[in-house]
Amino acid sequence: MVAFGKKLKERQIEEWQGFYINYKLMKKRVKQYAQQIELGTQDRHYVLKDFSRMLDNQIEKTVLFLLEQQGHLASRIAKLGEQQDAAQQEPEISKMSELREAYRTVGQDLLKLLYFIEINAVGLRKILKKFDKRFGYRFTDYYVKTRANHPYSQLQQVFKHVGLGAVVGALSRNLHELQDRQGSYLSIYDQPTLPLQDPVIDSIRAAVDRLTHSTNFLNFLGQHALIMQEELPAPSDEHVDDQRYHFMSLLLNLANTFLYMVNTYIIVPTADDYSTNLGAAPTVCGIVIGAMAVAQVFSSVYFSAWSNKSYFRPLVFSSIILFLGNTLYALAYDLNSIWILLIGRLFCGFGSARAVNRRYISDCVPLKIRMQASAGFVSASALGMACGPALAGLLQIKFKIYNITFNQDTLPGWVMMVAWLIYSIWLWIAFEEPCRDFEENHTIPQSNAIADNNALEKGLKQPLMISSEDKGDEDGDQDYDDSEEVPEKSRLPATSIGSAYRLLTPSVKVQLLIYFMLKYVMEILLSESSVITTYYFNWSTSTVAIFLAGLGLTVLPVNIVVGSYITNLFDDRQILLASEIMVLVGILLNFNVIFPYSEPQYICSGLLMFVSCEVLEGINLSLLSRVMSSRLSRGTYNGGLLSTEAGTIARVIADATITLAGYMGVSRLLNITLIPSLFICIVSITATGYTYNSLY
């Protein structure tokens, strides 16, 4: 692979090469500044002033060319408008068709201009991050804040690009006028709910939306899945994806995600009762629930490695193991063996194919719908989390068939066994293994002329100017000159958990700690809910199931509010810290210290903890998807695996805490399990504040 500067150069449109920002020159200047400061020949104030001036000149060069090209496009649209007015007097089908094609040609050139902005935006963002990393200074904050809203700053043109919106509007209106409306006299303004359906206009709108990167629910939810992507994909990537994409296979992956989450949480309302019926203490439910997470720590690694070679075989294996695991879980009641119960849950954990589900979306879904697929992954998980306890609440019946007991304890196992059997048959019939020969052997020569529609419509995955939490060289690139040969090792994916960990910056490590904390707190709340509510409030299984299902149903609404509104009002760092503080408040309110413990106290504090953790998880994973090294975007030991392992280990420790605390008595269980949650939350808040203050 090549250095980032060469990668940018390969994407440039040949006839416009003199108008791109000179990333190579600026990177060399940053290196010179570092050497000069080290030798004492320059001070920081001069460096900041000189680099600011250099950036201003580079941006001005790019923006002036952008305005010139916008003018050319506007002039062409105006001339076509005159021809259109003349043609309206004596309409001819052939003339109208020629005009439509002429407008679409202008649209293709506008797409080229949008791609021009994209490349410059990526380069500008990268060089700002490189400068921050070298000098440990919040230069990006300073530069963006002083330029973004200044009346004479050229940076506004890139942020707001009002002229581009006018060009898109003119193209849309005129193409709408040329459509065959079957005698209708309504204009595009009279039908705002019926947007123009034209592939060129659709591509332009998509490119503009991605370029502005205004945070919305879909983007937020998609990043919640932590499905890593290349920052600047090659023009051939979309073609490769189309060769491998199969809708039914994607649907089967999402179904696997949904069923696994149902399988995880369907036993939570009855695990304590099942443990008691098998002669164990009710708090052994912590180990019963956590056994699945223990096995998942290992299954995530081998499934991630297996997905390098196949997607179908790991999913088949997962279904078989889960079928067997649920069968053992259900039979443990009649066999009167807590060990069979635990082995059944371990089998279920060994069948966790979430790493395969993530990997399939990352590798086989086209870029243009990958965000929707990622959002589908998160939605399937959230729905499964809500459906699991709800389904358990419905299984309040008891009967026997051939001496096999079916009751509230065993029915979750039998129901999931049948579900995985049906899924296995569906998988065998409908799944298509993606063609890996195409990925390994097929290459498409790259042309400097960016003419292909799909290549041009690829937009920025990230905003032009990231917020201050993204500082640091998040891509893991070394500071090689573009003229130097880049060692292949520095670009290869991580080959072990250790090498992947070494690619993590301090801020990423803190975000993984936050992820560990929130998963620990959520697992404590959910796993001990049945024991706590039975002891204090004498809740039935159905009541516990309704409570847990209600918590699960808050996931999507919370993400809608955060993704659509809150992230537009506040900086991600502010939301991150505020969410951690609210988790802390929820933990403190949940303690049983002075007043008699009541249902409103438990429900309100539990809801506050759970919702705050959901907000925190969304923001945290959104940040992780942006700042993790690009070397963690593919391979066995990828960013998704690291986050999964951090969360799974947290769940294992939380479930073990519940069981160990149970030896001190159920009356002390609540406070004892909340103390580690409180400690980890305080450490997380401290680390967040310290890391960001020291780095920025």
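**Briefing: a loop, a helix pair and aromatic groups**

Y402 is located in the loop that links β1 (399-401) to β2 (404-406). The structure is a predicted model.

- The phi angle of Y402 is near 50°, which is a positive value in a residue other than glycine.
- Y402 counts as exposed because its relative accessibility is 79%.
- N403 also belongs to the loop between β1 and β2, and its phi is near 65°, again a positive value in a residue other than glycine.
- With a relative accessible area of 66%, N403 is exposed, because the cut-off for that class is over 50%.

- T405 is part of strand β2.
- The relative accessible area of T405 is 2%, so this residue is buried.
- The side chain of T405 makes a polar contact of 2.7 Å with the side chain of D334.
- Apart from neighbours within four places in sequence, the residues in contact with T405 are Y333, D334, F399, K400, T410 and W414.

**Packing of helices α13 and α15**

- Helix α13 (residues 285-306) packs against helix α15 (residues 338-350) at an angle of about 35°, and their axes are 6 Å apart.
- The crossing of α13 and α15 is right-handed.
- On the α13 side, the residues that meet α15 are I287, V288, I289, A291, M292, A295, Q296, F298, S299, Y302 and F303.
- On the α15 side, the residues that meet α13 are I338, L341, L342, R345, L346, C348, G349 and F350.
- Sorted by class, this contact of α13 with α15 comprises 15 nonpolar, three polar and one charged residues.

**I321 in helix α14**

- I321 is situated in helix α14 (residues 312-335).
- I321 counts as buried because its relative accessibility is 12%, and the class requires a value under 20%.
- When neighbours within four places in sequence are left aside, I321 is in contact with F347, F350 and G351.
- One of these contact residues, F350, is 29 residues from I321 in sequence, while the C-alpha atoms of the two are 7.1 Å apart in space.
- F350 is also among the α15 residues that meet α13.

**Aromatic rings**

- A pair of aromatic rings is described by the distance of the centres and the angle of the planes.
- The count of aromatic pairs in the model comes to 31.
- F406 and W414 form a tilted aromatic pair, with 5.4 Å from centre to centre and 40° between the planes.
- F406 is buried, because its relative accessible area is 14%.
- W414 is likewise buried, because its relative accessible area is 12%; W414 is also one of the residues in contact with T405.
- One aromatic cluster is formed by Y535, Y536, F537, W539, F547, Y597 and Y602.

**Helix α23**

- In helix α23 (residues 529-537), the buried residues are S529, S530, V531, I532, T533 and F537.
- F537, listed among the buried residues of α23, is also a member of the aromatic cluster.

Notes
Residues numbered from 1 in each chain as written. Predicted model: local features only at pLDDT ≥ 70, side-chain atom pairs only at ≥ 80, totals over all residues. Heavy atoms only, no water. Helix = DSSP H or I, 4+ residues; strand = E, 2+ residues; numbered from the N terminus. Buried < 20%, exposed > 50% of the residue type's maximum accessible area, 1.4 Å probe, protein only. Axes fitted to C-alpha atoms, helices over the stretch in contact; angles between N-to-C directions. Left-handed = near helix turned anticlockwise from the far one by under 90°. Contact = heavy atoms within 4.5 Å. Nonpolar A, V, L, I, M, F, W, Y, C, P; charged D, E, K, R; others polar. Polar contact = N/O pair within 3.5 Å; in protein donor to acceptor, adjacent residues only side chain to side chain. Phe/Tyr/Trp six-rings, centres within 6.5 Å; stacked < 30°, edge-to-face > 60°.
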